[in-house]
Each structure stands twice: as C-alpha cells, then as structure tokens.
Amino acid sequence: MSMVPKRIMKEVERLNKDPVPGIEVDIVEGNIRYFNVIMAGPSQSPYEGGHFKLELFLPEEYPMSPPKVRFLTKMYHPNIDKLGRICLDILKDKWSPALQIRTVLLSIQALLSAPNPDDPLANDVAEQWKTNEKQAIQTAAAWTRKYASQ
Amino acid sequence: MDGIASSFELDDPSDWPSTLPHLRELDNLLRCPICKEYFNTAMVTGGCGHTFCSLCVRRCLTQETKCPSCRAPLNKSELRPNRLVDNLMRTFKGGRQLLLNSLTKSNSTPTNSISNNAETVFSGCRGKSASKEESTLRKRQRISTRSSARISNEANNENPAFADSDAMQNGLSFVVLDDDGDIGVESDENYTDNERDFVPAKSNNKKIDDTRRTEESTASVGITPQQQDTKVHCPNCKQLVSQSLINRHLDRCLSSLPSSNESSSVSAVSQAKKHLAPMLKPQSKRAATLALPKPTKLAYSLLSESKLRRTLKDLGIPPKGDKNQMQTRHIEWVNMYLANEDSESPVSHRALLKQLAAWEESMASNQGESGAKQQPSSQQSSSTSVTDHAAKYADSFATLVAQASSAMRTKDPSCE
C-alpha cells in the first residue's frame with residue numbers, strides 16, 4: 001500500500017516536530033519501521049523517576065494491524081511479563097487503524113499509572129498486587145530504582 | 001522505498017505554528033484518521049457518524065466490520081458520502097499555502113513581535129492579509145466557473161442566506177471541471193447522455209454522475225448555451241435541478257416534509273443503483289472508453305483457482321499470479337471500484353486499472369524491501385550462519401566449557 005509508508009513518514013515527522021511529553025522516540029538506523037522508545041514513568045506511580053526503554057515495530061500491514069511493542073527494561077507490573085510483553089487491548093483485538101504510534105505510547109504510559117491486576121500477564125505479580133498492594137508498589141518502585149534509573 | 005521517496009512532500013497539521021491551535025485542529029479535522037491525508041471522497045458512517053476516506057474505510061471494513069474510530073459495528077452498506085466535508089477540505093486546502101505563506105511573512109516582520117498572543121496573531125492574519133487572499137481566491141474560482149459553466153448572474157447575487165450554498169455549488173462545479181482527461185474524448189457519448197437527461201432525475205446516482213460529466217464536456221466542447229444550463233443537486237432532496245430553478249425548487253422542497261422525502265429518495269436511489277447499474281452502462285461508452293463490470297464480493301474459499309481466474313478475466317483485471325494474489329487483487333479492486341463510484345469526480349476505469357497496478361507494485365516492493373531485511377536476520381539463525389556463529393564464538397564457548405568442567409570437578413568431590 002503506497003499510502004502506508006507515507007503515513008509512517010508523517011507520524012515520524014509529527015513525533016519529531018511535536019514530541020509527546022515524557023516520551024522519546026528514535027528511529028533505528030536503516031529501518032523506518034523500527035523504533036527505540038524511552039518512556040518516563042508517570043508521576044504519582046511507583047514508576048516515577050524511571051526511564052524505561054521500549055522497542056516498537058510497525059509490521060507490514062500497519063496501520064491495518066497493530067504495532068508490536070515490548071519493554072526492554074525489566075518491569076514489575078501485573079500487565080507486563082518477564083519478556084517485556086505488554087497486555088493491552090489496543091495492541092491486540094481492540095486495535096483500530098485510526099490509532100497511531102503516539103496514542104499507543106500514551107496508552108502504555110497510562111497503563112503504568114493504572115495497573116490492572118484483573119487482566120494479568122505476569123500472574124505472580126498480579127497475585128501480589130491483589131493480596132498486598134502496598135508491598136507490590138514498593139517492589140515496583142524498587143525495581144524502577146534498580147533497573148530504570150539512568 | 002521508492003514510494004516513500006516519490007511522495008515525500010509531507011503536509012501535516014504541525015505545519016501550522018503552535019500559536020495557532022485552532023488552525024492545527026482544523027487541519028487535523030479535515031484529514032482521514034486512517035491515512036492522515038486530506039479526505040479523498042469523505043464517507044460518513046451510518047450509526048456513529050465518523051468520517052473517513054472511502055477507500056480507507058472500505059479497506060478496513062474488509063478486515064473487520066467495525067468503525068475504525070469507535071469500534072461500533074459497521075457495514076459497508078451503511079457508508080454515505082459526506083460532500084460537505086469534501087468541499088470544506090477542498091476550500092481549506094486551496095487556501096492553505098497562501099495562508100501559511102502570509103503567516104510566515106507576518107511572523108517574520110519585526111512589527112509583529114512574538115509578544116503578540118495567539119489570539120491577536122490569529123485574528124490579525126485572518127482579518128488582513130489572509131482573508132483578502134482567500135476572497136480573491138474564491139473570486140477567481142467563481143470567475144472560472146462562471147466563464148466555463150455560465151452560471152447565471154442572479155445565482156451569484158442572491159440574498160445572503162443562499163450565499164453558502166451558492167459557494168458550495170461553485171466549488172462543486174469547479175472541481176468537476178478539473179477532472180481527468182478522458183472527457184474530451186468521449187464526445188460521441190454526450191448525445192446519448194443528453195438524451196438520458198430527460199429521464200426523471202431521481203432514477204440513479206450513476207446517471208447523475210454521467211450527466212455531470214456530460215455538462216462538463218459539453219462546456220468544453222462548446223455546445224449551445226441552452227444545454228449549458230448547469231444542473232445542481234438540491235441539498236435537501238438530492239434531486240438534480242437546473243441552477244436557475246433551484247431557489248424555487250428549494251422553497252417547495254423545504255416546505256414539504258423533509259425527513260420522509262429524504263429517506264425515501266435515498267433508498268430509492270440506492271435501490272435503483274443496484275438494479276440499474278449494469279443496464280445503464282451505455283453501449284457507446286463501452287466502445288469508446290473501457291467500462292468494466294461492477295465487481296461484487298466473492299466467497300473466495302468456495303472458488304477454485306481457475307474459476308477465480310475466469311472471474312478476474314471477466315471483470316477485466318489482470319488474472320495473473322496464484323490464488324492468494326488474485327484474491328488480494330480482487331478485494332482491492334472491489335474497494336477501489338466502489339470508492340471510485342462514491343467519488344464526486346470518478347476517474348475512468350482505465351485510470352483505475354492503472355491505480356490497481358501501481359498499488360500492486362508498491363505492495364510487491366514493500367514485500368521485497370521487508371523481505372530483503374527480514375531474510376538475512378532469519379537466515380542468521382538458520383544453517384549457514386550457525387557455523388559462522390560457532391566459529392565466531394569458538395573462543396568463548398571453549399572458556400565456558402572449561403569453566404563448566406572445572407566447576408563440575410570442584411563440585412564432584414564435595415558431593416562424594
């Protein structure tokens with residue numbers, strides 16, 4: 001689809017000109033579909049102060065199919081597993097071509113502020129989150145300091 | 001990568017200075033949420049009222065029958081053209097560069113210092129230079145329409161209440177005028193179309209398009225002024241009415257019950273369109289230009305490869321490739337064909353076939369490009385590179401083996 005690369009170019013241009021606060025997006029040299037992202041942890045969350053690395057890949061069918069996003073930094077979060085995979089509906093069945101890189105990253109940032117242990121990907125973390133939320137939040141903050149402070 | 005390089009001209013809402021959020025938002029609103037381009041044949045969805053390009057939303061609905069914006073259930077049959085959005089976008093796009101230029105000019109002058117807040121810059125620019133330029137532009141459009149289509153003088157000097165619809169009609173005929181080049185050639189078909197002008201106007205959308213094209217070509221060929229009397233759609237009942245009679249018609253039309261009138265006419269049009277479309281294709285047109293039969297959705301899994309190939313051949317699209325390729329080509333063709341039918345100024349089927357070929361080429365190049373990128377990485381894990389990898393890390397493997405065996409040796413005695 002000839003329109004797809006143009007849309008990607010536009011999105012990149014837009015992200016450069018008008019960056020999302022707290023989110024930094026870099027194109028990986030030589031591949032317009034592959035991005036390195038650094039996301040600041042949202043304030044008033046256990047991830048505050050952390051800088052989390054993500055990778056984002058736009059598959060060939062994009063925007064008809066969702067981008068593939070994964071955390072590269074270790075996370076203690078009920079919806080993010082050990083491999084950094086993210087459980088987020090818009091990255092799966094709730095994807096819509098009207099969404100874009102910007103909205104996806106904002107949604108991920110929102111997921112950091114509002115973990116959802118009822119729809120877990122990391123079961124042990126979710127269990128901890130449900131039984132002892134205070135402890136879980138402390139652990140998440142400790143992990144943030146350990147792995148995500150630069 | 002070729003597609004990217006050739007289409008590198010990027011216009012974007014962020015072209016507007018951040019001090020003018022209104023213009024940014026306006027620019028953004030006139031773009032399709034799917035392709036981020038200005039709307040190309042805007043279609044509004046039935047239930048939720050979102051607007052997309054015809055081709056974009058049709059492509060989406062082929063994958064999933066949900067509105068791309070709100071995920072409400074949506075069928076292709078629920079799409080309706082949104083001409084006002086098309087016209088808004090066209091007007092905005094027409095004045096965009098002028099407005100941008102005048103903005104940058106006024107921003108660079110020292111008198112307009114940065115201390116001006118957004119509001120004053122906004123109103124100042126619009127009030128002075130921009131609106132003047134816009135109005136001259138509109139005037140120019142109006143002149144060009146008048147000279148070629150000869151809109152009567154009363155129509156332009158109407159009372160202010162009609163100024164808007166007047167401008168809209170002008171924009172409409174203006175755009176029709178810069179259609180593709182096929183029109184001049186189809187002169188022998190004009191007469192058949194003109195004859196069909198006397199058929200009640202409501203009968204068919206397709207026909208309305210034809211008559212519009214005819215008007216255009218008669219205007220360019222230069223037939224008697226009587227025939228040049230421009231027909232316009234009534235904004236209320238969608239009926240095709242002569243421009244000089246439109247006001248009288250509107251009075252009558254608006255005084256009667258609008259809702260029942262509208263819905264019945266719309267359904268009648270779509271019904272008639274379905275039944276009459278193949279019959280109304282004139283023979284002469286088929287001979288003069290390439291008119292291809294309307295494609296319909298197929299149950300691909302029930303079709304054998306040879307049968308699909310025959311169908312493609314009958315439809316006039318290239319029947320090459322394997323079943324999968326033919327299937328994707330057919331899906332795209334259906335979407336393109338219907339999107340073209342939605343369009344106010346449809347292109348010829350020959351041009352459409354070219355677009356299909358271009359689309360397929362870009363798809364192939366995309367695949368080739370990503371294939372070229374992905375294959376090496378996938379091959380790295382396969383047989384040939386395994387040996388390379390082994391050779392490269394032979395030293396580290398050796399040290400690891402040594403470490404492991406030494407660890408084993410130290411462990412073993414303690415265990416025993």
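How many bridges join β1(A) to strand β2 of chain A, and in which sense do the two run? Five bridges join them, and they run antiparallel.

1. Basis of the note. This is a predicted model, in which local features need pLDDT of at least 70, side-chain atom pairs count only at pLDDT 80 or more, and totals for chains, interfaces and linings use all residues. Residues are numbered from 1 along each chain as its sequence is written, chains are lettered from A and ligands numbered from 1 in the order in which they are written, and side-chain values use heavy atoms, with hydrogens and water left out.

2. The sheet of chain A. Four strands form an open sheet in the order β1-β2-β3-β4, with antiparallel pairing. Strands here are DSSP runs of E with at least two residues, helices are runs of H or I with at least four, and both are numbered from the N terminus. Two strands pair if DSSP finds at least two bridges between them. The edge strands of chain A, β1 (23-27) and β4 (68-71), each pair on one side only. From one strand to the next the twist averages 25°.

3. Helix α2 (residues 101-113) of chain A lies across β1, β2, β3 and β4 of chain A, and runs at about 35° to β2(A). Such angles are taken between N-to-C directions and run from 0 to 180 degrees; the axes are lines fitted to C-alpha atoms, for helices over the stretch in contact. Contact means heavy atoms within 4.5 Å.

4. The sheet of chain B. Three strands make an open, antiparallel sheet in the order β2-β1-β3. Its edge strands are β2 and β3 (80-81) of chain B, each pairing on one side only. Three bridges link β1 (residues 42-44) and β2 of chain B, and B:A42 stands opposite B:C53 in β2(B). Helix α3 (residues 54-63) of chain B packs on the sheet, touching β1 and β2 of chain B, and its direction makes about 95° with that of β2(B).

5. Cysteines. Over all chains the structure holds zero disulfides, a disulfide being a pair of cysteine sulfur atoms within 2.5 Å. B:C56 is buried at 4% relative accessibility, and B:C60 is buried at 5%. Buried means under 20% relative accessible area, exposed over 50%, and partly exposed in between (1.4 Å probe, protein chains only).

6. Confidence in chain B. The mean pLDDT of chain B is 66, and 50% of its residues reach 70 or more; pLDDT is the predictor's confidence in each residue, from 0 to 100. Over residues 370-384 of chain B, pLDDT stays under 50, and the model has eleven contacts beyond four places in sequence. Residues 412-416 of chain B also stay under 50, with zero such contacts.
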